Amino acid sequence: MGKKDEGKPRGRMSSYAFFVQTCREEHKKKHPNESVVFAEFTKKCAEKWKEMTPKEKRRFEEMAERDKARYDREMATYVPPKGAKAPKRKRVKDPNAPKRSLSAFFFYCADARPGLLEDQPGMSVSEVAKELGKRWENLPERPKFEALAAKDKERYEKEMVAFRNGTFVAPPPVVKKPRSAPAPKKAPPPKAKEEDNDGDEEEEEEEEEEDEDDD
């Protein structure tokens, strides 16, 4: 375990953390000799925090804002010792940047997933991914998807050059059409009852007899 950096600024606290700290201090003053079960105590604090009005919480929000200003001020002049890792900053993605290139396996999954789900509709997401991974290992058509990935990588690299030069224009977002519901199956035409057929035959026989009588 690495040695702790004593000169690193103390982390900032949230408004809720200040609230819990205040509750603990007040509880110690009222009950100095009473031991506190931390899990139960924090549970009660959470319930109380939910019931508080914005006006009541404002006091602790101001404490958090002052502590954040203190932390930002100290971090601005903080120099980590040699060999220490600098604190990671959250990377903000530019929505106008080119879409990253896709791997060959991703192209294969997009192509094979619909057919797999059609054959086995009850599979979960993890089961589908596992099955596609197995198929990919011995897939004879891998060069096809590797070629698609290579082409997409060229596209990405060209767009990134244009993006850095300020000449890249993001394509309009693709609007997915909602899937149409399958057409209801047509019911087969009702079969004629045998009784009706027998009745038709009797009528035809009677007509024939009447024709003979006329003759």
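Trainee: Is Glu74 buried, exposed or partly exposed?

Mentor: Glu74 counts as partly exposed, at 31% relative accessibility. With a 1.4 Å probe and protein chains only, buried means under 20% relative accessible area, exposed means over 50%, and partly exposed is in between.

Trainee: What kind of model is this, and how are residues numbered?

Mentor: This is a predicted model, in which local features need pLDDT of at least 70 and side-chain atom pairs count only at pLDDT 80 or more, while totals for chains, interfaces and linings use all residues. Residues are numbered from 1 along each chain as its sequence is written, and side-chain values use heavy atoms, with hydrogens and water left out.

Trainee: Back to Glu74. Which residue does Glu74 form a salt bridge with?

Mentor: The partner is Arg70, and the closest N and O atoms are 3.0 Å apart. A salt bridge here is a side-chain nitrogen of Lys or Arg within 4 Å of a carboxyl oxygen of Asp or Glu. Glu74 and Arg70 are four residues apart in helix 3, so about one helical turn separates them. Arg70 is buried, with a relative accessible area of 10%.

Trainee: How many salt bridges does the structure hold?

Mentor: There are eleven. One of them joins the side chains of Arg155 and Glu159, at 3.0 Å from N to O. Arg155 and Glu159 are also separated by about one helical turn, because they are four residues apart in helix 6. Arg155 is partly exposed, at 23% relative accessibility. There is a network too: salt bridges with shared partners join Arg10, Asp67, Arg70 and Glu74.

Trainee: What about Arg58, which side chain does that one meet?

Mentor: Arg58 meets Glu65 in a salt bridge, 3.3 Å from N to O. Arg58 is partly exposed, with a relative accessible area of 35%, and Glu65 is partly exposed at 44%.

Trainee: You keep naming helices. How many helices and strands are there?

Mentor: Seven helices and zero strands. The order from the N terminus is α-α-α-α-α-α-α. Helices (H or I, at least four residues) and strands (E, at least two) are DSSP runs, numbered from the N terminus.

Trainee: And how much of the protein is buried?

Mentor: Of the 215 residues, 18% are buried. The accessible surface comes to about 19,600 Å², and 52% of that belongs to carbon and sulfur atoms. Those areas come from the Shrake-Rupley method with a 1.4 Å probe, and for residues only the protein chains shown count as cover.

Trainee: Which elements give two or more residues to the largest nonpolar core, and what is in that core?

Mentor: The largest nonpolar core has twelve residues, including Ala104, Tyr108, Cys109, Trp136 and Phe145. Helix 4 (104-119), helix 5 (125-137) and helix 6 (142-165) each give two or more residues to this core. Helix 4 gives the most, with five residues. A nonpolar core is a set of buried Ala, Val, Leu, Ile, Met, Phe, Trp, Tyr and Cys residues joined through side-chain atoms within 4.5 Å. In soluble globular proteins, nonpolar side chains tend to be buried together.

Trainee: What does Phe145 touch?

Mentor: Leaving aside neighbours within four places in sequence, Phe145 is in contact (heavy atoms within 4.5 Å) with Ala104, Phe107, Tyr108, Asp111, Trp136 and Leu139.

Trainee: New topic. Where does Lys57 lie, and what does Lys57 touch?

Mentor: Lys57 lies in helix 3 (residues 54-76). Not counting residues up to four places away in sequence, Lys57 touches Trp49 and Met52. Lys57 is buried yet has no salt bridge, and the nearest side chain of opposite charge, Glu61, is 6.5 Å away. For charge, Lys and Arg count as positive and Asp and Glu as negative, while His and the chain ends are not counted.

Trainee: Last one: is Pro171 buried or exposed?

Mentor: Pro171 is exposed, with a relative accessible area of 59%. Pro171 lies in the loop between helix 6 and helix 7 (194-214). The C-alpha atoms of Pro171 and Lys99 are separated by 9.8 Å, although these residues are 72 residues apart along the chain.
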